[in-house]
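Biologist: I would like to learn how to read a model of this kind. Please take me through it one feature at a time.

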Amino acid sequence: WLDLPLLQVTPNKTFRCMGLNISRVPAGVPNTTQNLDLSFSNLKSLRANYFSSVPELQLLDLTRCNIHTVEDKSFEDLHKLTSLILTANSLQYLGTAAFCGLTSLKKLVLVETNIASLSDLPIGHLHTLQELNLGHNSIASLKLPKYFTNLTSLRHLSFLSNKITYISKGDLDALREVNRFNLTLVLSLNDIKYIEPGSFAGIHLGELVLRSSFENFIVMHTSLQGLTGLQVNRLTVGEFRNSQRLVDFHSGLLSGLCQVQMQEFVLICFRDFENNTDTLFNCIGNVSSIRLVNLELEEVSEVPMFSQVKQLECKKCKFKEVPAMKLSLFKELRVLRITKSKHLSSFQQKFESLSNLEVIDLSENRLSFTGCCSRKFHKCPNLKHLNLSFNSDISVTGDFTNVKNLLYLDFQHTKLFGPGSYPVFLSLQKLIYLDISHTRTHVKSQCTFCGLNSLQVLKMAGNSFENNKLANNFKNLSHLHTLDISGCKLVHVDQRTFDALSELKELNISNNKILSFDPVVYKPLQALRALDFSNNQLSVLLDSALEILPDSLLLLDISQNLFECSCVYLNFLKWIKEKQELLQNKELMICHTPAYVKNVSLSSFDLSSCQLSASTVSLSVIMLLSVVAFLFLIYKYYFQLYYSLVLLSGCKHSAERGNTYDAFVIHSSKDQEWVLKELVEPLEGGTPPFQLCLFSRDFLPGVPIVTNIIQEGFLSSRNVIAVISTNFLESKWCSFEFDIAQSWQLVEGKAGIIMIVLEEVNKALLRQRLGLSRYLRRNTYLEWKNKEISKHIFWRQLTGVLLEGKKWNH
């Protein structure tokens, strides 16, 4: 057993030796250990000073260790132990000094340890004990021994699932002698037949729990009467869902509680109410807080007059409609929660005249309604918290007149109609918290958040903005402290977006598609403490961006971005290594490019790989400049080079090939209508007919444009017609075609290019095109004017040129 593998959870502090079948504390456990798990071992008998090798222990788990004997002073050396767990050990002998030395023990778990009597339990000296769990034993009597008066720190005492059947006067006398205002007493899963009246009289408890403790209605009704005189902060009565004994709620079931003073009452797990809710609140109407949990309660039939209930919660009940009319009879109500009901879908009734109401929580239902929210709350002027999150769909009209004092409004994960299209929050001048996350809100209006002048927290993750960009959407939110716009499909943030947010402390803009961190955009955020920019498409933080990060920034998350780990960004990579305390999720900050460092952590990037010699840098720069110059020349004279290559590769001259067309027309696609109507139709339809080559009609599909221009245009045509217009001057393709036309003229020995200048051509733009302007000055060209005599001269000159050298087919 000395060489058994130990799981070291926390170095030198926490060890787990579970299931190793050991019979003593392993020698490998150091004396500095504070938490030790020996569960499922085979210790059998604990002798004196059994744990002397681990004196620093604070938690010791001995669950299912087959312990049957605990001798005196077994834990003598564990003065710092606060938690001792002995669950599922069949204890047959406990020495009277078994727990001696546990001067700091706060929690003792003796669940399923075969204990039958409290009088034999040697724990009277544990003055620091706060929690004692005696669940799942064979204790038949609740008679508390005298030593319980010494346990002055006790806060939790559980007799869950024992064999207690009767509770008599005097059983709890030890609790009367010491103030127990904070003690929780759990008596659930006992088969209580009878509680003698007066058994709890004069006793103060923090909480009394009675779940699945009575076998039928009569026993429960009678036993609750035995609680007369009890003062308790919280009384929990009901069933467990998986072990229900009482199923139906009967009228008058809680009448025995009329003489119990309690602050909070919890009724849990009753299946059938039918029409018996008329007495539900009779004896609990003066309770400050009522929680109804997991009840198949479909309606509220009666509410006692002059009710003092201030908090009411209905969780997992069976309401189909929000029972606003009946609940409005709780005139002192301040907090109302109706949550987690899969049946609750309608909200037609309105809350009326609840002048003290401050909080309404209707979250996690299936509500679907229109007209939110003013008309639902008539004369509820003090409503400050409204939670309608995790419902189906709600139409927000913008009318908040009756609830204009709202401070908190939560719609998250509920489909909303209204926000984003127009300013629905205008009247909520006092609102400080708004959550519309994942509500399918599409922000179109820049005034979406107008009116929210006091807002401090805005959460709208998982929504979207017009054109996927942030414009000046937050211009009036000058007091905003927290802004969550994560997962909003954003690709761009305008420069003025955050100008008004000088008080912003937390910004979450993660899970978007933003490419850069523009210093101008984020510079106004000088109060920022936490920034989450993770999971975007950022490649680097430039020096200018690093300089504007505020000194107040404590947390920065830029993980899961597309980082470029290039030596060009050496300053950024150095900054990453220097700011390890500032950066969050560093393990998710990895290189995306170049390929040879892909998936390498930014924190472990080798900065020395960026140290290059001066000669290497100089040579690299010269080679780079040479390549750039070479590529520029190829780009500039691409057509000429390509044309020369065609000729050198053996292409026939046009004289040898034969001419398919009389002229190839160079023109802008924007002038196509003029070319077809004023040029092509008269020439191709006239006498004699001419055949023109147009790129839009005669170029071969599937062939590169450059090849078409040379093969189908220049090499298959006798002439070139250039239609000079403003559109021509602005077109790069026209410029390229004109340049190659001049080369064609030189190589083929052609007489010239037929230039047609349209009358509306921009003369200033023409002068900027030096080559074209010079060509027009040196060569005769045709001018197109929209006058009959001018057109007559134009056609005579043009056809004359085209007829030269034309071969006729007879």
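The dialogue below goes through confidence, domains and salt bridges.

Biologist: What should I know before reading any residue number or value?

Modeller: This is a predicted model, in which local features need pLDDT of at least 70 and side-chain atom pairs count only at pLDDT 80 or more, while totals for chains, interfaces and linings use all residues. Residues are numbered from 1 along each chain as its sequence is written, and side-chain values use heavy atoms, with hydrogens and water left out.

Biologist: What is the average pLDDT of the chain?

Modeller: pLDDT is the predictor's confidence in each residue, from 0 to 100. Here the chain average is 88, and 93% of the residues score at least 70.

Biologist: Where does pLDDT stay under 50?

Modeller: Where pLDDT is low, the predicted coordinates should not be read in detail. In this chain that concerns residues 650–655, where pLDDT stays under 50. The model gives this stretch ten contacts beyond four places in sequence, a contact being heavy atoms within 4.5 Å.

Biologist: Into which domains is the chain divided?

Modeller: Domain bounds come from an automatic or database domain assignment. Domain 1 covers 1–164 and domain 2 covers 663–803. Their centres, taken over C-alpha atoms, are separated by 101 Å.

Biologist: How many salt bridges are there?

Modeller: Side chains of opposite charge can pair when their charged atoms come close. The rule asks for a side-chain nitrogen of Lys or Arg within 4 Å of a carboxyl oxygen of Asp or Glu. By this rule the count is 14.

Biologist: Which elements hold Glu 264 and Arg 234?

Modeller: Helices (H or I, at least four residues) and strands (E, at least two) are DSSP runs, numbered from the N terminus. Glu 264 and Arg 234 form a salt bridge at 3.3 Å, N to O. Glu 264 lies in strand β17 (residues 261–270) and Arg 234 in strand β16 (residues 231–238), so the pair, 30 residues apart, links distant parts of the chain.

Biologist: Is Glu 264 buried or exposed?

Modeller: Buried means under 20% relative accessible area, exposed over 50%, and partly exposed in between (1.4 Å probe, protein chains only). Glu 264 is buried because its relative accessible area is 15%, whereas Arg 234, at 30%, is partly exposed.

Biologist: What is the distance between Arg 697 and Glu 684 in their salt bridge?

Modeller: Their closest N and O atoms are 2.8 Å apart. Arg 697 belongs to helix α11 (residues 695–698) and Glu 684 to helix α10 (residues 672–685). Arg 697 is partly exposed at 39%, and Glu 684 is partly exposed at 23%.
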